[in-house]
Amino acid sequence: MKSAFGINAMLADMEPLLRRVTSAGIDVAYQQSAGLWRVELPIGKLEEVLLAIAIDACHAMGAHGALRVSTANVKDPEGLPPGGYVRLSVSDTARNMSAALASAVRGRGTREGLGIRLGIEIAETAGGRLDLAPNPGGGLTVHIVLPRAPGTEPEEAPEGAPAATTPTTVLVVEDDKLVMSAAGQLLTRLGYSILLAPSAEAALRQLEQHQGPVHLLLTDISLPGMDGLRLAREVRARHPETRVLYMSGYSEEALRMKDTADQGVQLLEKPFTFKGLATAVKQALSPGPSS
C-alpha cells in the first residue's frame, strides 16, 4: 500500500537490522539531511530494496570495508521532470566492484545485483530513477531518486534538533553496540547527520573517509585500545573546530571528569534519556569555548 513517509524515520527503524546483516569489520555510517521531504510508495518495498543493496555491498566487500547511507533533497535532477525529489544513497568500498557492477547492470547471478534490480523497478514505478556511480579507488554508490510526495510537509524534527539548514554531523564512538545504535537513532530523529564507530580506531578511519566537517565528537571515555580522551586529542589535532562531548557510565570516572580543571569538558552520564542526550548535544554545539 502506498503512503507518504519520511526516509530518515525509515532508516532509524531499520538501523538495527542493517547492522545485523553487516560483519563486525564493516563500518556503517549515516549522513542524513534535516528537513527531508516525504515520499509516497510502499514503504516495505523500499525497505526490501535497501536491505538487498546493503547485503550485495557486504558480499562484494568481504570481511572489511565501509558502508555509508545518506539522504538529501534534490531539485530538478537531470533526466527527470522538474520538481522536488529525495535521494537515498548507499555507498561501499568494495575493491572488486568493476565485476560486481557489470553483473548488476546485466542482471546476472542470483544474489549479486538483486538490490539494484529491485531498486530500478521501484524507483521507475514511483516516477524516479536509480543511478550507479563507481567510487574513486573502488566501490559503488547506488542513488535512488524518488519524487517528493505532493501536498506533504518535510519530516518533522523533534525538540532539540539543530537549527541550521545544513546537516550538523555528529561522530558517535561507543563500543557497546546497543548504546551506539540508540544514540544514533535518537540523534537521527533530531535531524543530525550521524557517523557511528565502535572504537577509536574505527572513528579515525571514519574521519579520513568522511567528506566535510564533523561538528561534534560524542565519545565514551572507556574504549578498548585507545580511550576516549586520547581519541579526542587525536581528533582535535586534525580538526580543531570539532567539539567534544564525553559519555561515561562509571560514577568515579564521571566525578573525576566533573572535577577537572579544564572547564571546557562536557560530560553526558549513562544511562541517558532522549531529552538528556538532545540537551547535552545542543549545549555542546552551542557558541562558546570549545571543549
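Because the model is predicted, local features were required to have pLDDT of at least 70 and side-chain atom pairs were counted only at pLDDT 80 or more, whereas totals for chains, interfaces and linings use all residues. Residues are numbered from 1 along each chain as its sequence is written, and side-chain values use heavy atoms, with hydrogens and water left out.

A nonpolar core is taken here as a set of buried Ala, Val, Leu, Ile, Met, Phe, Trp, Tyr and Cys residues joined through side-chain atoms within 4.5 Å, where buried means under 20% relative accessible area, exposed over 50%, and partly exposed in between (1.4 Å probe, protein chains only). The largest such core has 57 residues, and those with the most contacts inside it are Ile 7, Leu 46, Ile 144, Val 172, Leu 187 and Leu 277. Helix α2 (residues 43-61) contributes the most to this core, with nine residues; helices (H or I, at least four residues) and strands (E, at least two) are DSSP runs, numbered from the N terminus.

In helix α6 (residues 200-209), the buried residues are Ala 200, Ala 202, Ala 203, Leu 204, Gln 206 and Leu 207, and their cover includes β2 (26-32), β4 (65-75), β8 (169-173), β9 (193-197) and α7. Thr 242, in the loop between α7 (228-238) and β11 (243-248), is buried, with a relative accessible area of 1%. Not counting residues up to four places away in sequence, Thr 242 touches Val 214, His 215, Leu 216, Leu 217, Val 235 and Arg 236, contact meaning heavy atoms within 4.5 Å.

Two backbone features fall in loops. The peptide bond from Lys 270 to Pro 271 is cis, with omega near 0 degrees, and Pro 271 lies in the loop between β12 (267-269) and α9 (274-285). Asp 76, in the loop between β4 and β5 (84-91), has a positive phi near 50 degrees although it is not glycine, and this residue is partly exposed at 49% relative accessibility.

The lining of the second largest cavity draws at least two residues from each of α1 (7-20), β2, α5 (177-189) and β9, with the largest share, four residues, coming from α5.
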